[in-house]
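Reader: I'm new to this one. Can you walk me through some of its details?

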Amino acid sequence: MKSIFRVQTLAALFLLITVACTQTSKDPKLMIQSEINSNWTFNQVGQDEWLPATVPGTVHTDLIDNEKIEDPFYRLNEHNLQWIDKVDWEYKTTFTVEKSLLKRDRIQLDFKGLDTYADVMLNNNKVASTDNMFREWQMDVKEFLQEGENELHIVFRSPIVEGIKKYDAQGYVIPASDNDQAENGEVEGGKRVSIYTRKAGYHFGWDWGPRLVTSGIWRPVYLQAWDEAKIEDLQIIQNSVEEDKATFTAVFEVDAAEKGKAVFSVKNEQNKLAEASINLVEGTNKYTVNFEIENPKLWWTVGLGDPYLYNLTGELSVKGRTTSKDTRIGIRTLELVRDKDDDGTSFYFKLNGHPVFMKGANYIPNDVFLPRVSAENYKTVVETAKNSNNNMLRIWGGGVYEEDIFYDLCDENGILIWQDFMFACAMFPGDDAFLENVKQEAIDNVKRLRNHPSIAMWCGNNEILAAWNGWGWRRAEEAKSKENADKIWQAYVDIFHKTLPGVVEEYDAQRSYWGSSPSSGLGVDADLVNGDEHYWGVWWGKEPFSTYATHLARFMSEYGFQSFPEIATVRKYATPEDYDIRSEVMNSHQRSSIGNGTIEYYMLKEYNKPKDFESFLYVNHVLQAEGIKFGLEGHRRAMPYCMGSLYWQINDCWPVASWSSTDYYQKWKALQYYVKKGFSQVLVSPYEEGIKFKVGIVNDRLEPIKAELNLRLVDFDGKVIWEEAHLVDIAANSSDDYYDVNKNELRFKYRKNIKNLVFTAELVENGQVLSKNYYYFLPYKNLKATTPTVERTISKTDEGFDVTVSTDKLAKSVYLQIGDEEGFFSDNYFDLLPNEKVTINLRTKIPEEQLNEVLTIRTLNDAF
Ligand code: BMA
């Protein structure tokens, strides 16, 4: 039996191979693709100095690599490099094409990103002229290719020169904020030309960014060849989710060279989920296949469950040859709920049926030179967000639609994305060509990103509606000419009320579109009861930090306070002679017009003047963190009225004074540690409100909690003056107060010690501390905190060290540093009470002897 079986199998196999070979000697794959990423050189047009180039890359980074310019981030170098964006640049490479490839039905060049005005020449034939950094460009090139060597040549025209042409032709000035640093950029007449070019706004400068207007092949270039048909896109639409099954439609967008029979299928890693025979129609068309997933595991955000993902493959077979596209989905329902209620209109996200408070940050690009952001950098920023209990990041509209890897990481880590379209703080042109360009850009990006479970919502722009109405742009324009003001507003309506929502409706109908952040509806100005809010009263308005907790809207999508980076980062761009925030170099790395003065104003309210530059940096970190803490906790306590808190901003694009919680080198400032605590799944939060002193508890878990709430008044020598313990029942997904006294009573009772007292609140569940929080009744400068002696012991761990610290008196804002060495402390800038022993884990590669040399521990007392 056995041997017969074997003979039969072999014969069948032989037959199969012969059939396959006689049927076609062609590649079994319908499509092949290769990346054109080597042998690139570049040259300034008009010069003749071709130098090696990196693709993907930028002109600036190629000039750095060839030592033609110095590091633009160092001291004042940026200002000597403004000529680069006013000249044209060209890139060239050659690549080899085999005869077999030329036999393919169709051959295309596929550019994932060209920055920005590029003329593309293949073997001296112009195959495209591009004008939008955010779009992908495909061009049919079969007729221009030859066997053997082929030359690809791309000329980038200056975005400034192109912008000036359009600016001059407009006939009236379209308002743009001074984030477009035209003067810094030495643009003739200070013309703010950024709005004419579909290119990352922050390249033209921002109040946290340098002015470095790049050009280049910033995303990969592919050569693709195929026969019969190509899958252009695979969209997975979720139709229904029930406990035992979820149903979907796979929408294949296929470009077919000719009509004919095809088999479409959808597979997961183990099984074929569905298959359908469909007749292809020539040209680009959509074909659908329905499928189901049994017992679906849901995708959850940070803290609520696993962000479970399903890998799927859509396959297309024509005449026995196949092509496929991989994608990945998360099964979840997500709604932006806008219901009328007693206060106005709600604004919250409901995930898998549960309202979820959004805790997170605004996110900007990680570098002004985008292609050098590594996978590791992306991993770090997303992990920082996750480890700090963020469940949402807002990709702000003055940057870019991020790389695929960024969204993949957010999918994997349970972080939702509020995705702005790329428009910020400026009005824009509204001519037909511009609108069509914007439409194509939106289509490209919506199609690229819509299968990611992390994408929560599309938002038209950042602060443009607020600028037009609230900042007075409309009135100013009307005063100049009503007719032109009407044209400018019409362009706004065309882009943000028609084009962009139209694309979302057509290509991603299941997601919400929000016109502008902040706003209260399409074209409706932000108010506190109907939508999202950017609150800058603290900072621009010099209002006290405590206002964060009282200026409440339905969703706080921006608020922030600045700090300089830590000394190790400052040392990378400045030398000791620059160590004064008003020095030319430090000032050039501070782009907020009111930055230095505002930091000092707030600092002197809470603290005395720091004794030196390094101490200033340290106190600035603590100041920023202590300030934002009012927002992190206050917004959460105000749930369900307020359902989101996204501080401005998690990252930096160069080393600078900014509102960020991690600096350009991804180092955590004090704020990042405070965010981690302020956004913990369960939070205990002592606070003052009017004449009351209260302790609130916020529970983001979807289950109730029974816990012990321990409250104490402790003096700075560690003596417990008063204590109370309460057993508390905390409802699921709730915020409430669990202690409430008259503030004056408390102050009166302890008036003798108030300068020497800290109120501590601790929430304990089954012996585990869920959250711990300290509260002082006076600003630090009015406290009687004397210099403590902090003891430390060190022990080696697999990934670094455990540093255990203890103190004889209150140690305020304990700050551990390891000089310029690389390392990460699990906690930092924390208060330590006598009788406490706290172990901090330090992840580092430095040896123990070195650690003993470089480890320093400061407390706030050392800063004055
Ligand atoms: C917000 C943002 C940015 C800006 C930040 C700090 O309004 O939208 O435009 O960088 O404030 O000023």
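**A helix contact, step by step**

Author: Let's start with one residue. Apart from residues up to four places away in sequence, Asp494 touches Leu435 and Thr499. One caution: this is a predicted model.

Reader: Where is Asp494 found?

Author: Asp494 is in helix 10, which covers residues 482-507.

Reader: Why does Asp494 count as buried?

Author: Its relative accessibility is 15%. Buried means under 20%, so Asp494 counts as buried.

Reader: At what angle do helix 7 and helix 10 pack?

Author: About 35°. Helix 7 spans residues 432-449, and the axes of helix 7 and helix 10 are 10 Å apart. The crossing is right-handed.

Reader: Which residues make the contact?

Author: Helix 7 brings Phe434, Leu435, Val438, Lys439, Ala442, Ile443, Val446 and Lys447. From helix 10 come Asp494, Ile495, Thr499, Leu500, Val503 and Tyr507.

Reader: And how many of those are nonpolar, polar or charged?

Author: In the contact of helix 7 with helix 10, ten are nonpolar, one is polar and three are charged.

Reader: Switch to helix 5 and helix 6. At what angle do they cross?

Author: Roughly 35°. Helix 5 and helix 6 make a right-handed crossing.

Reader: Which residues make that contact?

Author: On helix 5 they are Ala375, Tyr378, Lys379, Val382 and Lys386. On helix 6 they are Ile405, Phe406, Leu409, Cys410 and Asn413. The contact of helix 5 with helix 6 divides into seven nonpolar, one polar and two charged residues.

Reader: Now strand 22. Is Ile395 buried or exposed?

Author: Buried, with a relative accessible area of 1%. Ile395 sits in strand 22, residues 392-395.

Reader: What is Ile395 in contact with?

Author: Leaving aside neighbours within four places in sequence, the contacts of Ile395 include Tyr363, Phe406, Tyr407, Trp418 and Met422. Glu402 and Asp420 are also among them.

Reader: How far is Ile395 from Cys459?

Author: Their C-alpha atoms are separated by 9.6 Å, and the two residues are 64 residues apart along the chain.

Reader: On to rings. How many aromatic pairs does the structure hold?

Author: It holds 68 aromatic pairs. One of them is Phe545 with Phe561, an edge-to-face pair with 5.1 Å centre to centre and 75° between the planes.

Reader: Where are the two partners?

Author: Phe545 lies in the loop between strand 26 (532-534) and strand 27 (555-558). Phe561 lies in the loop between strand 27 and helix 11 (567-573). They are 16 residues apart, and the pair links distant parts of the chain.

Reader: Are Phe545 and Phe561 buried or exposed?

Author: Phe545 is buried, at 8% relative accessible area. Phe561 is buried too, at 0%.

Reader: Why is the pair of Phe693 and Phe759 edge-to-face?

Author: Their planes are at 80°, and over 60 degrees counts as edge-to-face. The ring centres are 4.7 Å apart. Phe693 is in strand 30 (residues 692-699), and Phe759 is in strand 34 (residues 757-765), 66 residues apart. Phe693 and Phe759 are both buried.

Reader: Which residues form an aromatic cluster?

Author: One cluster is formed by Tyr535, Trp536, Trp539, Phe545, Tyr548, Tyr559, Phe561, Tyr601, Tyr602 and Trp659. So Phe545 and Phe561 come up again here.

Reader: What lies over the face of Tyr601?

Author: Lys542, at 5.3 Å from the ring centre. Elsewhere, Lys230 lies over the face of Trp226, at 4.8 Å from the ring centre.

Reader: Last topic: the backbone. What is the peptide bond from Val55 to Pro56, cis or trans?

Author: Cis, with omega near 0°. Pro56 is in the loop between strand 3 (51-52) and helix 2 (59-65). The bond from Asp115 to Thr116 is also cis, with omega near -10°. Thr116 lies in the loop between strand 5 (106-111) and strand 6 (117-122).

Reader: And what is phi of Asn124?

Author: Near 70°, a positive value in a residue other than glycine. Most residues other than glycine have a negative phi, and most peptide bonds are trans. Asn124 is in the loop between strand 6 and strand 7 (125-131). Asn124 is exposed, with a relative accessible area of 66%.

Reader: What about phi of Asn389?

Author: Positive, at about 65°. Asn389 lies in the loop between helix 5 and strand 22.

How values were computed:
Residues are numbered from 1 along each chain as its sequence is written. This is a predicted model: local features need pLDDT of at least 70, side-chain atom pairs count only at pLDDT 80 or more; totals for chains, interfaces and linings use all residues. Side-chain values use heavy atoms; hydrogens and water are left out. Helices (H or I, at least four residues) and strands (E, at least two) are DSSP runs, numbered from the N terminus. Buried means under 20% relative accessible area, exposed over 50%, partly exposed in between (1.4 Å probe, protein chains only). Contact means heavy atoms within 4.5 Å. Axes are lines fitted to C-alpha atoms, for helices over the stretch in contact, and angles run from 0 to 180 degrees between N-to-C directions. A crossing is left-handed if the near helix is turned anticlockwise from the far one by less than a right angle, and right-handed if clockwise. Ala, Val, Leu, Ile, Met, Phe, Trp, Tyr, Cys and Pro count as nonpolar, Asp, Glu, Lys and Arg as charged, and the others, Gly among them, as polar. Rings of Phe, Tyr and Trp (its six-membered ring) pair if their centres lie within 6.5 Å; planes under 30 degrees apart count as stacked, over 60 as edge-to-face and the rest as tilted. A charge sits over a ring if NZ of Lys or CZ of Arg is within 6 Å of the ring centre and within 35 degrees of the ring normal.
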